[in-house]
Amino acid sequence: MTTDRRPTARLGSLLAALAIAGGALLSGLPAHADEPSGGATAKATGEAPKVDLVLDVSGSMRAADIEGKSRISVAQQSLNEVIDALPPETDFGIRTLGANYPGDDKAQGCLDTKQLFPVGKTNKVEAKTAVATLRPTGWTPIGLALRGAAQDLGKGETTRRVVLITDGEDSCAPPDPCDVARELAAQGIHLVVDTLGLAHDDKTRQQLLCIANATGGTYTDVRTQEQLTDKVKQLVDRSVDTYTVTPTKTAGTDTCATAPVLTPGVYSDREKFSEHRVYRVPVQAGQELRASVSVSVDRAVARDYGVLLQATSTAGQELVRGTDAGSGRTDVASTGLRWSASMTSASPTASASASASPSGAARTDVCLVISNSLAPQPGVAADPGLPLELTVDLAAASPAPDGPAMGLGHGWILLLVLTLAGLLTGLLFGWIARWRIAVWREN
Amino acid sequence: MRTPLRTSLAALALAPVLVPLAAPAASAASPSPSPSASSTAPSSKVGTTFLTATTLAPGQDAKVSASTGDYLYWAFAAAEGQTPTLSLNVTLAPAADRHGPQTWSVEVFDGLRRRQSCTAGTQNATGEATAASLALGCTLRQVRSWAEPWSGDPLPGTYYVRLSVADAPQQDLGLAASVQLHIATKGGQDDAQPEGGSLKAPLVPPVNAGATAAPGSTAVPAAGARAAAPAEPESHWYTGWFSGWNSRWFWTVAGGALAALAGVAGYTLTRHPRGRRPARYGAVPPQAQPQGSSQAPAPGQYPGSGQR
């Protein structure tokens, strides 16, 4: 009888406990549910990711050397699949080069680039029909086509991507397409050119590599239709994922007094070989300055390279430096540093800078000096400068730890010491007690 | 009964916090995957710069196709006490298309884009013209809980992985390759060094566009978008007073207990060197003294006074 009752009572209390736990969970849930949804909502910057595809329809695209099919038919079939798989938010456009002028007049053939489909929300059926009608025809004015694509995409705050599919070197220079790419990159319009080569000769490869390198894009040597389809799809997806990440353009100066004042965020600038660029960041007491810099190597440079980021006081005293060096093939040279304003009183150099700053100890102006030890290879243009990306952040300073775990101890030595101390104390008190009793008894 | 009320109160309290947070987070293109079930599926995406690096969730692998010569960037978060180990497998382009040996290299950078050393692993691997695949790896140092601003020690925050081709014949650039990345971490908060140290804000770089301020302005801009951040430890009302359970509590408590026992033992030793019963000395008025002579030998029992 009693044994039956107890389980039910236990069950009841278990249920009650579950209910309480469930209630607590539910009350906790809405807060958690809100957080991810903040990140998942649509990118509210207003602009859609923009991709312009530049397709070479020059006469050489007739060559049938990709898995036995002609280059143009491979490109057309791939594009069909890409258009089918376009993400709904993407603004997609197509520009052709060498599609219209069949003649031999170079001057006229080299002006032959045309917008086939404007950059915008794509009608997939129309786009596919337009691509299907293309026939290999004329010349290869890549430089002009790139300029045209940049115009198609317009200017704005987000990254624009050009996907260039071509099978031959530019037959129309000047303008040299690589110079055009560098010039577009230098305009700070966030243009990235990814190149895909259908032919495998060295000159084409070099030219396409140069274009990709100058704009921070990638180069792919297309061997199969599947590779082409996958790569273009990947590039379109990449554009959707990352198009809003764009640094603010700024211009560092050569002295700290005139340097631009930066707040936390990402900045871009250009720095020539062996040039110094200076920026200024105000750091409050109790704050930690964090800065990192990447200098992009967008042209042929000497084998060894280095980058130096110095934080100095306004008086020119170095506070801390970050440096990196390397050799060989690379895209960027990066380094970073931390500097904490809370150490101001402790460090003599820092206190000097604090007194030099206008508002006293509460705020310290730190100058960030970026320099590089890159050298151009012979014949490489020094202008415009190398792209530079600077990230500035201010966070709460972290003071040195004042000891482990609130004075708690750890280990066998501790046990031994405590036990011995306890034993000695016990003995001592025992002796005292006995002595006192003895004294008391004697009196 | 109180749950709905508590829920709405919590929502009210959180609303002003969440609204400003949501806006920059929305504009952040940091490709942080939503923390749903998809986090365990291998990521097929990869970034090409530090800024556009693809964030991998804890335990998430990456499996991507790439072109030889691309610079591939991933970001992952590491917390204090952890030791991340990367392992990469690169499937090279068909040997028939290649012209010579290729060297691939993996580099790891912290949230401040400072190069981090590998303590173990093949950072550079060279494949001969006939090799089909390459294996690379890197084991980082253990992430510290605190470090001086001047040091380059690994700290909690974002880590960037860069995989690139360090050396290859120019004709081989652009060929298709595919890459698999796996990140394993071992260790946890308990063995983070230095003990008791903490970094107030993890090294998670902002990825939002910056704003140039007018000289002299002191306005503190709102926090913007961030790269991959390690999960925050749960915070309670007692956080700050109590650092949490760790083995030190057991050692200290055990030490205290041992000390108490030893104290009692020591005390007992002094009182009963020859195994006498405590009642004889303890009672202040001797309970009953049937024999008057019984007091006489007692002083002699004190070794301190009597014999030594």
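This is a predicted model: local features need pLDDT of at least 70, side-chain atom pairs count only at pLDDT 80 or more; totals for chains, interfaces and linings use all residues.
## Overall composition of chain A

Chain A contains 10 helices together with 16 strands. The chain has 443 residues, and 53% of them count as buried.

The accessible surface of the chain amounts to about 19200 Å². Carbon and sulfur atoms hold 59% of that surface.

## The largest nonpolar core

The largest nonpolar core is made up of 56 residues. Those with the most contacts inside this core are B:Trp74, B:Leu86, B:Trp104, B:Leu136, B:Leu163 and B:Val179. From chain A, helix H5, which spans residues 142–153, gives the most to the core, with six residues.

## Helix H6 and its cover

Helix H6 of chain A runs over residues 177–186 and is mostly covered, with seven of its 10 residues buried. The buried residues of H6(A) are A:Pro177, A:Cys178, A:Val180, A:Ala181, A:Arg182, A:Leu184 and A:Ala185.

Several elements of chain A take part in covering the buried residues of H6(A). They include helix H5 and helix H7 (202–215), as well as strand E5 (191–197) and strand E9 (265–271).

## The residue after helix H6

Just after H6(A) comes A:Gly188, which takes a positive phi of about 70 degrees.

How values were computed
Residues are numbered from 1 along each chain as its sequence is written. Chains are lettered from A and ligands numbered from 1 in the order in which they are written. Side-chain values use heavy atoms; hydrogens and water are left out. Helices (H or I, at least four residues) and strands (E, at least two) are DSSP runs, numbered from the N terminus. Buried means under 20% relative accessible area, exposed over 50%, partly exposed in between (1.4 Å probe, protein chains only). Accessible areas come from the Shrake-Rupley method with a 1.4 Å probe; for residues, only the protein chains shown count as cover. A nonpolar core is a set of buried Ala, Val, Leu, Ile, Met, Phe, Trp, Tyr and Cys residues joined through side-chain atoms within 4.5 Å. Contact means heavy atoms within 4.5 Å.
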